Structure formats: C-alpha cells, structure tokens
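Try each task before reading its solution.

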Amino acid sequence: VLGSKKPIHPNDDVNMSQSSNDTFPTAMHIAAAEQMNKLIPEVQKVRDAIATKAEEFKDVVKIGRTHLQDATPLTVGQEMSGWASLLERDIDRMKETLPGLYDLAIGGTAVGTGLNAHPEFGERAAKKISELTGLPFKSHPNKFAALSAHDEIVFCSGALKTLAASLMKIANDIRWLASGPRCGLGELIIPENEPGSSIMPGKVNPTQSEAMTMVAVQAMGNDAAIGFAGSQGNFELNVFKPVMIHNLLHSIRLIHDACHGFVEYCIAGLGINREQIEHHLRDSLMLVTALNPHIGYDNSAKIAKNAHQKGISLRESAIELGLLTGEKFDELVKPEEMTHP
C-alpha cells in the first residue's frame with residue numbers, strides 16, 4: 001500500500017538504522033571533493049595563461065608602482081609572473097584540503113559511536129564510495145569529530161577565500177593597468193568583447209575583471225558564513241551542515257565558471273601598449289633611485305624634487321643642480337639594469 005511500512009520499512013529496511021547525522025556530512029565531503037577536483041584544473045588554466053603572457057612580455061621594462069605611486073622599474077613579465085605564482089601556490093593550498101575531504105563520517109550513526117551499525121560498515125561503505133567515484137575516500141578515523149565539527153569544510157573554504165583574494169588582486173591589477181584608453185594608465189590592452197557602453201559609444205569596459213572581482217567578493221562572503229557555521233558544533237553534532245555545504249559549493253561553482261571566462265575572454269587576448277609603457281617609464285621620477293649608491297639618498301631626492309617642481313626631466317635636473325653631467329647620468333640611470341639585483 002502506498003505510504004505504508006509494509007513490505008518495506010523506511011527505517012528498518014531502507015535506512016538500516018543509519019542516521020542523517022553521518023550520511024549528510026558524508027554527502028558533503030563527497031560533493032566538496034568531487035567539485036574541488038574539477039575546480040583545480042580550471043585555476044591551473046588561468047595560471048598557465050598568465051604564465052604564457054609573462055613569457056611573451058618578459059623583456060618589456062615598465063615602471064613599478066607601490067602605494068599607487070611611481071616606484072622602481074620591473075618587467076611586464078616579472079609583474080605577471082607574480083600573478084602566476086599566486087595562483088600556483090593557491091593550487092597547492094587547494095590540494096592540501098583534499099585529504100581531509102576524503103575522510104567520511106559514514107558509520108558514526110547518531111553521535112559517533114556507530115550504534116546499530118555493523119562494525120565494518122564505515123570502512124566498507126567508504127571503500128565502495130571510493131570505487132564508485134574514483135577518489136580515495138576512506139573512513140574518518142574519529143567519528144565524534146566528523147559529526148560534531150566540520151573543520152575540513154572550513155579549511156577548504158579558507159583555501160577558496162585565499163584564492164579569491166589572489167583573483168581579486170589580479171583582476172584589479174588588469175583593469176587598472178588597462179584603464180583609459182586616453183585618460184588612464186593604458187599600459188594593458190584588453191579584448192573588446194562588447195560593442196561598448198549602453199550610452200557611451202566605443203567604450204570598452206573590463207567586464208571579465210569586473211565579473212571576477214564580484215565572484216571573489218561572493219566567495220569571501222560565503223567563507224564568512226561557513227566559518228561562523230563551522231564554529232556552531234554543540235556537543236555531539238553541528239547542525240549547520242546545510243548552510244556550510246551550500247555556500248562552499250556556491251563558491252566553487254562561481255570561481256570555476258569565472259576562471260573559464262577570464263582565460264577565454266581576457267587573459268588570452270591581453271596585449272600591451274608599448275608606447276604608453278615607455279612614456280611612463282621615461283617620465284618617472286623614481287628612476288633616480290639608481291643614483292643612491294653614487295651620490296647618496298639626499299642628493300638623489302634633490303634631483304627628483306627639483307625635477308617635479310619644475311616639470312623637467314631627471315637628467316635636466318641633475319645637470320642644473322650640478323650633481324652630475326649628462327653623460328654620467330646616462331651611464332648610471334639605465335631602467336633595464338634596475339630590474340635585477
């Protein structure tokens with residue numbers, strides 16, 4: 001009879017005396033591990049695409065910037081290599097979350113004791129799940145911890161938050177460096193994916209960077225919820241499981257999709273404005289730093305300040321102050337030689 005407990009009893013036959021207290025966190029770990037294994041290759045693609053661009057522009061010298069102010073030179077390749085390194089280390093951190101996610105709570109039943117379950121149930125179930133998924137799932141060594149707290153999920157979300165911070169930095173750097181085209185920094189050229197603004201014709205907006213930064217913000221917000229929920233394990237059970245896994249999978253899915261678009265519609269087509277880069281480099285006052293070992297910090301500062309106040313070049317300022325000849329200045333100030341120790 002429909003809805004009856006005969007001939008199949010929902011608890012005695014289907015549930016077999018198991019509890020949602022151990023099956024739900026088991027499902028959480030399976031879902032998280034499977035999706036993390038899909039996310040990592042997508043982040044790797046972003047890292048590889050950036051590394052390719054770093055190699056392409058490795059010899060292009062540009063001005064550096066710290067505190068949003070002009071700094072000493074580096075190459076475009078060096079700057080981009082920093083971005084690639086951030087993601088490479090993020091990938092390592094994400095991989096470090098997997099062993100914990102492979103530990104399953106199944107077999108703990110109600111409070112972690114395994115009451116009403118076969119003594120080998122947890123081990124056997126984990127082995128079967130591993131066979132079905134192709135991932136190295138195993139029985140959690142301590143079911144009391146597996147039911148009452150979800151530190152593995154918190155840790156995984158923390159890795160995603162760190163990744164989000166890296167992606168935020170990279171996406172922001174790209175859109176700042178591409179700002180313009182005439183009244184901004186204008187050193188990078190981003191692909192023209194859209195016809196323009198809805199009101200300003202010919203305007204190219206950094207939509208892929210904007211999408212990535214919004215995804216990063218959402219992942220950071222999700223992590224805050226996961227961290228608080230993870231702290232709410234009262235006695236033998238943390239009941240905040242649904243909100244934790246909902247937010248974790250949300251972050252994974254958003255970052256996964258954003259990485260694909262970021263490579264396809266931004267990084268792959270990224271170019272540089274060599275003329276603008278050269279203009280900013282030659283016009284920067286911070287090239288004076290190369291003179292510190294030769295004429296001292298104070299004299300170098302005089303050259304820079306005088307040049308800035310009078311709107312003249314560093315070379316002209318050094319000659320005017322009688323600190324260096326033009327020939328000596330040219331000998332000592334070579335931007336390409338300032339990009340290494």
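**Exercise 1.** State how many cavities of 30 Å³ or more a search of the whole structure finds.

Solution. The search gives three such cavities. A cavity is a set of points on a 1 Å grid over the protein atoms alone where a 1.4 Å probe fits but cannot get out. Grid points are joined across faces, edges and corners, and a volume is the space filled by probe spheres set on the points. The model is predicted: local features need pLDDT of at least 70, side-chain atom pairs count only at pLDDT 80 or more, and totals for chains, interfaces and linings use all residues. Residues are numbered from 1 along each chain as its sequence is written, and side-chain values use heavy atoms, without hydrogens and water.

**Exercise 2.** Describe the largest cavity and its lining.

Solution. Start with the volume, about 60 Å³. Next, list lining residues (an atom within 4 Å of a point): among them are Ile190, Asn205, Gln208 and Tyr265. Then find the main contributor: helix H7 (residues 207-230) gives the largest share, three residues. Helices are DSSP runs of H or I with at least four residues, strands are runs of E with at least two, and both are numbered from the N terminus.

Note on methods:
1 Å grid on protein atoms, 1.4 Å probe; cavity = no way out; pocket = protein on both sides within 12 Å on 5 of 7 lines; lining within 4 Å.
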